[in-house]
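Visitor: Please take me through one part of this model in close detail. I would like the place where the two chains meet, and then the chains on either side of that place.

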Amino acid sequence: MGETADQFFVTLQHWLVGHAPASLQPILSSLLSVVAILGVFALLFAITTVLERKGLGRIQNRYGPNRVGPFGFLQPIADGIKSLTKEDIVPHAADKVVHFLAPVVLVLAAFSLYAVLPLGRNMVLANLDAGVLFFFAVSSVMELTIFMAGWSSRNKYSLLGAMRAIAQMISYEVPLILASVTVIMAAGSLSTVAIVEKQAGYTGILPHWFVFTPWGFAGFVLFMIAATAESNRSPFDLPEGESEIIAGYYTEYSGFKFALFFLGEYLGMFAISGLGITLFLGGWAAPFSFLAWVPSYLWFFAKLLGMIVVFIWVRGTLPRLRMDQLMNFAWKFMLPMALLNLVTVAVWHFLPQGVLRWIVCGLMVVVPYVLLGRGLTRGWKLEKRVYRFAE
Amino acid sequence: MLFTIFAILTVAGAAAAMSLRNLVHSVLALTVAFAGLAAVYLHLGAQFIGLAQILVYVGAVAILIVFAILLTRDAGATSQSILSSSWIGNGTVVLVIFGILAWAIHHSATSQRVVLPQPEASMQQIGNALMLRFALPLEIIGVLLTVALIGAVTIAMREKKETR
């Protein structure tokens with residue numbers, strides 16, 4: 001019974017594909033998976049927009065949208081209709097072709113990220129041998145589209161915002177990839193399916209997820225911080241809400257193209273959370289062995305929703321980082337921590353199982369964190385701010 | 001047929017990169033050429049190098065070129081048209097030479113060689129080769145990259161001190 005519910009969508013797909021002639025079956029099967037991914041994640045985007053607005057509203061002690069539908073949950077429909085019917089204004093001096101292509105390529109790249117995420121048992125669109133590498137390659141295409149958006153608007157603020165966004169994204173790509181490399185080293189494979197399978201199994205009731213090891217926890221924290229920066233989300237959203245008056249690289253976009261940018265950004269956020277879940281949180285595995293009867297895709301989406309809630313929570317709570325603080329954080333703090341994490345995972349692999357390796361690896365993670373933090377903040381003094389031109 | 005599409009994409013991208021007037025448009029066309037090349041690699045089954053091509057060329061080299069253009073020249077300026085009347089005569093000469101070379105290569109010994117079976121290049125084998133047989137070149141490349149990084153930082157730092 002649990003097995004059929006778990007494999008429900010897989011058997012449904014096989015049944016639907018079985019109606020077609022044998023030569024068309026692979027294409028039809030991929031097409032069905034693609035349509036399913038498009039539908040599910042677009043729906044998740046709609047739910048997230050309203051969840052975010054209501055969540056942020058509650059954190060800021062106000063209601064979110066509450067007019068459309070019960071408790072405002074049909075707001076995305078209103079938003080969609082609005083963005084479709086708004087006039088599409090393209091600046092006269094803008095580069096029309098690049099201006100049009102930027103959101104299109106962004107959404108294209110964002111949707112292709114889902115091809116390598118295992119959404120459930122046997123539910124991955126493309127079981128690539130180098131799945132994680134594919135993910136990072138496609139997410140680096142997204143950076144170029146942000147430049148295209150900022151430059152084609154022929155607007156100084158857009159260009160500045162785009163430059164800052166690219167600088168931020170390539171800086172945070174380094175700790176992101178290094179944190180993933182620790183998982184790749186531990187699992188011995190770049191394939192996402194193999195990484196999830198390595199985290200299956202339980203000792204007693206506790207799972208073998210990589211996040212429950214010292215290096216995995218440090219790697220997970222580094223990964224999530226870098227993921228927040230990669231998706232240009234608060235507290236790293238300086239390029240986008242730069243002066244909140246001018247929206248950075250998508251200032252000159254209106255109507256549906258603006259909605260496409262939002263879609264692309266949120267899809268990127270979901271995809272990178274999905275990768276974090278695959279690498280560190282055990283993919284579609286249940287957290288306790290007695291809960292394994294719940295279908296695997298429900299666990300994946302439950303974890304994904306949990307991470308979305310954490311993203312919204314962090315957005316509502318922390319202030320925005322300034323550009324130099326952001327860059328210093330990436331290069332001076334996160335990069336050394338990620339490199340030390342690499343050594344930690346190697347030590348974990350070669351020490352025999354037991355309390356010793358927990359203590360050694362735990363110290364190898366905690367001690368540099370404390371020392372590095374103390375060292376980097378030593379020059380900071382809180383003093384009364386002097387305004388040069390106002391005195 | 002897929003190879004033809006990718007080949008046309010790559011060549012068209014490269015030709016556009018050469019002949020477009022706007023410099024940033026040329027860079028974007030060059031990026032399309034890189035992507036076409038990555039598609040060819042993936043079509044041949046070389047997953048690692050195809051994806052690394054996208055990651056490195058499209059993700060890093062294209063952005064580097066874009067930054068270099070934007071930080072050093074007036075990006076709105078367009079260059080002159082590069083087609084002129086002397087292209088017809090020159091183009092004919094080039095085509096004739098290309099024809100002769102193509103005929104010569106086609107009738108030479110290289111086109112009648114025995115095609116070896118495709119070697120296995122799985123991720124495991126690339127990793128093993130890099131770590132075991134080619135460990136020294138890997139380390140030397142790492143040192144080279146570190147030297148380049150330190151050099152770039154040193155040059156940038158010295159410029160900051162000079163302006164003071």
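**The contact and its two chains**

Guide: One distance first: in chain B, the centres of domain 1 and domain 2 lie 24 Å apart, taken over C-alpha atoms. Domain 1 of chain B covers 1–77, and domain 2 of chain B covers 122–164, according to the domain assignment. Keep in mind that this is a predicted model. For the complex, the predictor reports an ipTM of 0.82 and a pTM of 0.88.

Now the contact itself. Chain A brings 17 residues to it, and chain B brings 15 residues. On the side of chain A that touches chain B, α6 (131–152) and α7 (156–187) of chain A each supply at least two residues. The most comes from α6(A), which gives 10 residues to that side. Sorted by class, the side of chain A that touches chain B holds 14 nonpolar, 1 polar and 2 charged residues.

Next, chain A as a whole. Its secondary structure comes to 13 helices and 2 strands. Along the principal axes, the C-alpha atoms of chain A fill a box of roughly 65 × 60 × 40 Å. In chain A, 42% of the 391 residues count as buried. Take the contacts in chain A between residues at least 6 apart in sequence: 76% of them join residues at least 24 apart.

Start with Phe9(A). Helix α2 of chain A, residues 8–17, contains Phe9(A). Within 10 Å, Phe9(A) has 18 other C-beta atoms. Burial takes 20 or more, and 12 or fewer would mean exposed. Phe9(A) is therefore partly exposed. Along the chain, Phe9(A) and Ser33(A) are 24 residues apart, and their C-alpha atoms are separated by 9.7 Å.

Then Ala78(A). This residue sits in helix α4 of chain A, residues 75–85. Ala78(A) has 15 other C-beta atoms within 10 Å, so it too is partly exposed. From Ala78(A) to Ser33(A), the separation is 45 residues in sequence and 28 Å in space, C-alpha to C-alpha.

Chain B has 6 helices and 0 strands. Read along the sequence, the pattern of chain B is α-α-α-α-α-α. Of the 164 residues in chain B, 15% are buried. For contacts in chain B between residues at least 6 apart in sequence, 52% join residues at least 24 apart.

The average pLDDT of chain B is 84, and 88% of the residues score at least 70. Confidence in chain B is highest in helix α2 of chain B, residues 23–43, at a mean of 92. It is lowest in helix α6 of chain B, residues 135–162, at a mean of 85.

To return to the part you asked about: the contact takes 17 residues from chain A and 15 residues from chain B. On the side of chain A that touches chain B, α6(A) gives the most, and 14 residues of that side are nonpolar.

Note on methods:
Residues numbered from 1 in each chain as written. Chains lettered and ligands numbered in written order. Predicted model: local features only at pLDDT ≥ 70, side-chain atom pairs only at ≥ 80, totals over all residues. Helix = DSSP H or I, 4+ residues; strand = E, 2+ residues; numbered from the N terminus. Domains from an automatic or database assignment. Contact = placed C-beta atoms within 7 Å. Nonpolar A, V, L, I, M, F, W, Y, C, P; charged D, E, K, R; others polar. pLDDT = per-residue confidence, 0-100.
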